[in-house]
Amino acid sequence: MKANQRPVIVASKLSKYFGVKQVVSDIDFEVIEGKCFGFLGPNGAGKTTTLRMIQGISPLSSGQLHVFGQPLPEAGKFIRSRLGIVPQEDNLDPDFTVIQNLRMYGTYFGVSKTVLEKRIYELLEFMHLEDRANEKPDQLSGGMKRRLTIARALVNDPELIVLDEPTTGLDPQVRHTIWAKLRELMQQGKSILMTTHYMDEAERLCDELIIMDQGKILDHGAPSDIVTRHVEKHVVEIRGDFSVIIKTLENLVDTRLEKYGDTLFCYADQTGEILDLLSDQTELNTISRPCNLEDVFLTMTGRELRE
Amino acid sequence: MQYYQLPRFGRNAWIIWYRNLLVWRKLIGPALVLHFGEPLIYLFGLGFGLGILVGEVEGMTYLTFLASGLVASSAMMTASLEGTYSVFTRMVPQKTYSAILATPIEVDDIMAGELLWCATKALFSGTAIIIVAALLGAVESWTAVFAIPIVFLSALCFTGPAIVIASMSPSYDYFNYYFTLAVTPMFVLCGVFYPVSTLPDLMQSLVYLFPLTHAVELIRPLIAGTELQNASLHVLVIVGYALVFYYISVVMVRKKLVV
């Protein structure tokens, strides 16, 4: 644990409107130096807009936002010089090779030539892209592109790395590689702020989480605390024709039932009774597991489909 | 409102200019074919072919008349194409500007860099035409070297409107409005191929509202070695267009990217 509790980002009563539509509503949060901080929420929760305000390229509608102790939007330029930003969508420069992408990006930051060349080689090595240095982004796989985008965000040796859904659309191996790299960066003392809608990602990486929906903060805390706060210890998922036993299940004390799609979720701290009831229902498909963030997320933000 | 602030010019503009130069250098082969091939074809085909029919125009050979007109129109064409197609590509599908805006570089720097770059590219094509014209014996005076900065200045005034169009268009197809309604009429009417004085009176006063007419009237005498008339008026019109449209283009792009 790092003793340092200095905040790198402080937001108070932060709001953003697009026309009359409020996409971020009066949110308050602090990101502590050296920690990994996550915004978790469905599409349209206001996560990306919040990140854009932190970058200083989206003007605040109201409230205050300080990054590295400096106010936005006034200090945008200074703040961006110490930020590393990994956007959700690929915006690598297609006209340049891998190494030229890094070199050009370093030039945007005004990194001196000697420092830049040394750093580029370290970054290529760190992200396992040495063999691809002279290829164009088009020739890279999705995972390599994302690694290059992360390398690009590190070219100015930032104090805070901001990632917008860093592993969306990537295969499991690549996701694990990226998580390992992010943990390595945290060990180097960098602060991380990320958005995600993957619960496993949030649980694996984040020291602290904000659950957002429709521009508001629903809860805030360490992932395990959030789980204890909002859901029971265990859940039994039942698929199949559960109509025969639903009445019996409803009569159980300390059991909460929720139906989503074709699945019945039975939440309880002790699942012994539920499992006993199910033991002779062999035609039903059941899974018993401890509750995780996914249950919190679904319970809090509802299970209807979001676009 | 910060969208309407006057544009700032900073050193960072040159980084954007440099980025575009690096990309251009990668495609130098096709660029040279365009810059030297096009004028060669125009001057050979039209200059010699039409020239026989036309004879002398305003006291110069038709080849010189046409070459000097094409130097001016190439400033317009190059800046208009780069300011629409290339700027749109970097702004929308490629998201190059979004990537750059995650660094200390700001919208104003990007726009200033694009302005300088579009004019630089026009400078390359204008200079290429002057070289081709000189090789064909169509350049009558050493004052032609002064036409080069005028090409740069003229390109500045055509870049602004082009970027305005790029920032308004949902897709490449919408550029047709601008090219058909503004660029092509200027190309045909503003004295590139024939003297403006041959137009009906009303048309004559109308074409003097277009900046290309003024660019032609500055560049032609410098290449033909004839007397330059109303130079300060022409420069003033071009600078006026450049300033007004550059300001509008910066405001438009700020509104598009900083939301």
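Biologist: What makes helix α6 (residues 147-168) and helix α10 (residues 231-257) of chain B roughly parallel to each other?

Modeller: In this predicted model, local features need pLDDT of at least 70, side-chain atom pairs count only at pLDDT 80 or more, and totals for chains, interfaces and linings use all residues. Residues are numbered from 1 along each chain as its sequence is written, while chains are lettered from A in the order in which they are written. The two helices pack at an angle of about 30°, with axes 8 Å apart. Axes are lines fitted to C-alpha atoms over the stretch in contact, and angles run from 0 to 180 degrees between N-to-C directions. Angles under 35 degrees count as roughly parallel, and α6(B) and α10(B) are therefore roughly parallel.

Biologist: Which residues of α6(B) and α10(B) make the contact?

Modeller: Among them are L153(B), L156(B) and I163(B) of α6(B), and I238(B), F245(B) and M252(B) of α10(B). Contact requires C-beta atoms, placed from the backbone, within 7 Å. The residues divide into 15 nonpolar, four polar and one charged.

Biologist: Where in the hairpin of β9(A) and β10(A) is a positive phi found?

Modeller: Q214(A) takes a positive phi near 50°, in a hairpin with two residues between the strands.

Biologist: How many residues of chain B are in contact with chain A?

Modeller: The count is 18 residues of chain B, against 19 of chain A. Elements giving two or more residues to the chain B side are α1 (13-26) and α4 (96-100).

Notes. Two residues are in contact if their C-beta atoms, placed from the backbone, lie within 7 Å. Helices (H or I, at least four residues) and strands (E, at least two) are DSSP runs, numbered from the N terminus. Angles under 35 degrees count as roughly parallel, over 145 as roughly antiparallel, 65 to 115 as roughly perpendicular and the rest as oblique. Ala, Val, Leu, Ile, Met, Phe, Trp, Tyr, Cys and Pro count as nonpolar, Asp, Glu, Lys and Arg as charged, and the others, Gly among them, as polar. Two strands pair if DSSP finds at least two bridges between them.
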